[in-house]
Amino acid sequence: ASPPGAPPVPVPVPGARPAAVRVPEEDGPGPRAGTAPMSALGLLAPSPGDRGVPGDRGAGGSPGPDPGPGRAPDPPADEGEGPSESARHLERERRQVRRGLITAITVPVALLALLAAVMVGYYAYVTFSSVLGPDDYAALRVGDGQAEVERVLPRMETLDGSEVRLNVPEPAGADCRYYRPNSNLLGNGRVYRLCFAGGRLTAKDSFATRSTGENAK
């Protein structure tokens, strides 16, 4: 028991519900102004204004809005979510456009490179297959039999003979063939022309390709 005139001391009672205890002022009965209620365990009970949801405070530590009875605060947005379906679709479209542009550029370039390689290869093959050496040309005589002359002739004619053919008329009724004296792929300054008629060699001429019409035998 407390001595007469002393404030009451809260005593915890097992199983008892918390109860508010008012401590009277020394000067008279009645609750003391600004006194917080106490539980049966002797602890200060928080006032309704001090209650709040943990973590539910605004900037500066002030209490945030009350989510309401029986409702938890909304969880923060998940910042680790991947791109949306529309973003993935747009990225696929961009990759397809890039592949289309690459194909549109590389395929024609590859075809042109292949065509150039074929043309260069064909020109090189004809060049090496149409060489009539200067010594073989000098050994030929007008009036020799065609079969005898053809034994020393290359299997192909040079592509450079068209320039001579356009500028120097061939003898009437003759079968003329054109050869080159060397296999220089960078250029040919001379073309040999052999003309046959009646089974014999009827004419042999050497033309400078850059000044056709000038016969240099």
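**From the end of a helix into the core**

Tutor: In this predicted model, a polar atom of the side chain of Ser 129 lies 2.8 Å from the backbone oxygen of Tyr 125. Ser 129 belongs to the loop between H1 and helix H2 (134–139), and with a relative accessible area of 7% Ser 129 is buried. Once its neighbours within four places in sequence are left aside, Ser 129 is in contact with Pro 154, Arg 155 and Met 156.

Tyr 125 also takes part in a nonpolar surface patch, which Tyr 125 forms with Tyr 122 and Leu 159 and which has about 330 Å² of accessible area together. Of these residues, Tyr 122 is placed in helix H1 (residues 85–128) and is partly exposed, its relative accessible area being 49%.

Tyr 179 is itself one of the ten residues of the largest nonpolar core, among them Leu 132, Leu 153, Tyr 192, Leu 194 and Leu 201. Strand E4 (residues 190–197) supplies the largest share of this core, three residues, while a second, separate core of nine residues includes Cys 176, Tyr 178, Cys 195 and Ala 203.

Leu 201, in strand E5 (residues 200–208), is buried with a relative accessible area of 1%.

Arg 177 and Glu 150 meet in a salt bridge, at 2.9 Å from N to O; because Arg 177 lies in strand E3 (residues 175–179) and Glu 150 in helix H3 (residues 146–150), the pair ties together parts that are 27 residues apart in sequence. Arg 177 is buried, with a relative accessible area of 18%, whereas Glu 150, at 33%, is partly exposed. A further salt bridge joins Arg 180 to Asp 160, with the closest N and O atoms 3.4 Å apart. Arg 180 is in the loop between E3 and E4 and Asp 160 in the loop between H3 and helix H4 (161–167), so this pair ties together parts that are 20 residues apart in sequence, and both residues are buried.

Notes:
Residues numbered from 1 in each chain as written. Predicted model: local features only at pLDDT ≥ 70, side-chain atom pairs only at ≥ 80, totals over all residues. Heavy atoms only, no water. Core = buried A, V, L, I, M, F, W, Y, C linked by side-chain atoms within 4.5 Å. Buried < 20%, exposed > 50% of the residue type's maximum accessible area, 1.4 Å probe, protein only. Helix = DSSP H or I, 4+ residues; strand = E, 2+ residues; numbered from the N terminus. Patch = residues over 30% accessible without salt bridge, like charges linked within 9 Å, V, L, I, M, F, W, Y side chains within 5 Å. Areas by Shrake-Rupley, 256 points an atom, 1.4 Å probe, with all protein chains shown as cover. Salt bridge = Lys/Arg side-chain N within 4 Å of Asp/Glu carboxyl O. Polar contact = N/O pair within 3.5 Å; in protein donor to acceptor, adjacent residues only side chain to side chain. Contact = heavy atoms within 4.5 Å.
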